[in-house]
Amino acid sequence: MSIEDNLKPSIMLISPTDIEGDIKKLEEQLRFHQEQESNNVQKVKEELQKIWETLSWLKIAEVQGVWKSKTCRHSLNGRCNAWNVSEPERIGLSQDMVEIGNDNTRHVIVERFPNFCIACPLYEVKRS
Ligand code: SF4
């Protein structure tokens with residue numbers, strides 16, 4: 001048996017039409033994935049936009065908290081005298097944000113934690 005006889009069974013004939021068909025399928029798959037990717041990117045952009053909008057509202061709220069903590073008549077020497085916060089940890093305040101008075105009342109140090117003032121209904125402007 002010659003070397004050529006051994007090689008013959010391994011030869012495959014491939015039609016150019018089959019290859020063109022395969023390439024078209026691959027191109028369709030690629031287009032599909034590109035469209036999907038583009039849709040995903042668009043969704044991520046929209047979510048990011050929502051997060052930015054929420055953040056900007058939080059920034060505005062923070063600024064208002066600082067302003068209220070400085071201009072409220074109940075804020076004396078950086079602490080709020082209107083509220084007695086008996087269990088500060090329950091509302092997320094650490095011990096360093098609270099000052100304990102002689103009568104055992106607990107006042108929030110709004111100078112350190114002005115966010116406490118953001119939604120406070122007891123705000124009253126200081127009168128000089
Ligand atoms: S705004 Fe409310 S929390 Fe802030 S100092 Fe005034 S009374 Fe206290």
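**Figure 1. Helix α2 in the predicted model.** Of the 56 residues of α2, two are buried, so the helix lies largely in the open; a residue is buried if 20 or more other C-beta atoms, placed from the backbone, lie within 10 Å of its own, exposed if 12 or fewer, and partly exposed in between. This is a predicted model, in which local features need pLDDT of at least 70 and side-chain atom pairs count only at pLDDT 80 or more, whereas totals for chains, interfaces and linings use all residues. Residues are numbered from 1 along each chain as its sequence is written. From its first C-alpha to its last, α2 reaches 82 Å, close to the 82 Å expected at 1.5 Å a residue; the expected span is 1.5 Å times one less than the number of residues in the helix. Leu 58 is placed in helix α2, which covers residues 16-71. Leu 58 counts as exposed because 12 C-beta neighbours lie inside 10 Å. Between Leu 58 and Leu 76, 18 residues apart in sequence, the C-alpha to C-alpha distance is 25 Å.

**Figure 2. Overall form of the protein chain.** The secondary structure comes to two helices and four strands, in the order α-α-β-β-β-β from the N terminus on. Helices (H or I, at least four residues) and strands (E, at least two) are DSSP runs, numbered from the N terminus. The C-alpha trace spans about 110 × 30 × 15 Å along its principal axes. The protein chain has a radius of gyration of 35 Å, whereas a compact globule of 128 residues would have one near 14 Å; the radius is taken over C-alpha atoms, and the globule rule is 2.2 Å times the number of residues to the power 0.38. Buried residues make up 9% of the 128 residues. Among contacts with a separation of 6 or more, 56% join residues 24 or more positions apart, two residues being in contact if their C-beta atoms, placed from the backbone, lie within 7 Å.

**Figure 3. The shell around the ligand.** The ligand is surrounded by 14 residues, of which the closest are Cys 72, Cys 80, Ala 82, Cys 117 and Cys 120. A residue is assigned to these surroundings if its C-beta atom, placed from the backbone, lies within 6 Å of the molecule. The shell divides into ten nonpolar residues, three polar and one charged. Ala, Val, Leu, Ile, Met, Phe, Trp, Tyr, Cys and Pro count as nonpolar, Asp, Glu, Lys and Arg as charged, and the others, Gly among them, as polar.

**Figure 4. The largest nonpolar core.** Seven residues form this core: Cys 72, Cys 80, Met 97, Val 108, Val 110, Phe 116 and Cys 117. A nonpolar core is a set of buried Ala, Val, Leu, Ile, Met, Phe, Trp, Tyr and Cys residues joined through C-beta atoms within 7 Å. Beyond its neighbours within four places in sequence, Phe 116 is in contact with Cys 80, Val 108 and Val 110.

Figure 5. Most residues other than glycine have a negative phi. Asn 77, although not a glycine, has a positive phi of about 50°, and Asn 104, likewise not a glycine, has one of about 70°. Asn 77 is in the loop between β1 (75-76) and β2 (79-80). Asn 104 is in the loop between β3 (98-100) and β4 (106-108). Asn 77 counts as exposed, with 8 C-beta neighbours inside 10 Å; Asn 104 is exposed, with 8 other C-beta atoms within 10 Å.

Figure 6. Apart from neighbours within four places in sequence, Leu 122 is in contact with His 74 and Ala 82. The C-alpha atoms of Leu 122 and Gln 36, 86 residues apart along the chain, are separated by 52 Å. Lys 126 lies in the segment after β4 and counts as exposed, with 11 C-beta neighbours inside 10 Å. Lys 126 and Gln 42 are 84 residues apart along the chain, and their C-alpha atoms are separated by 49 Å.
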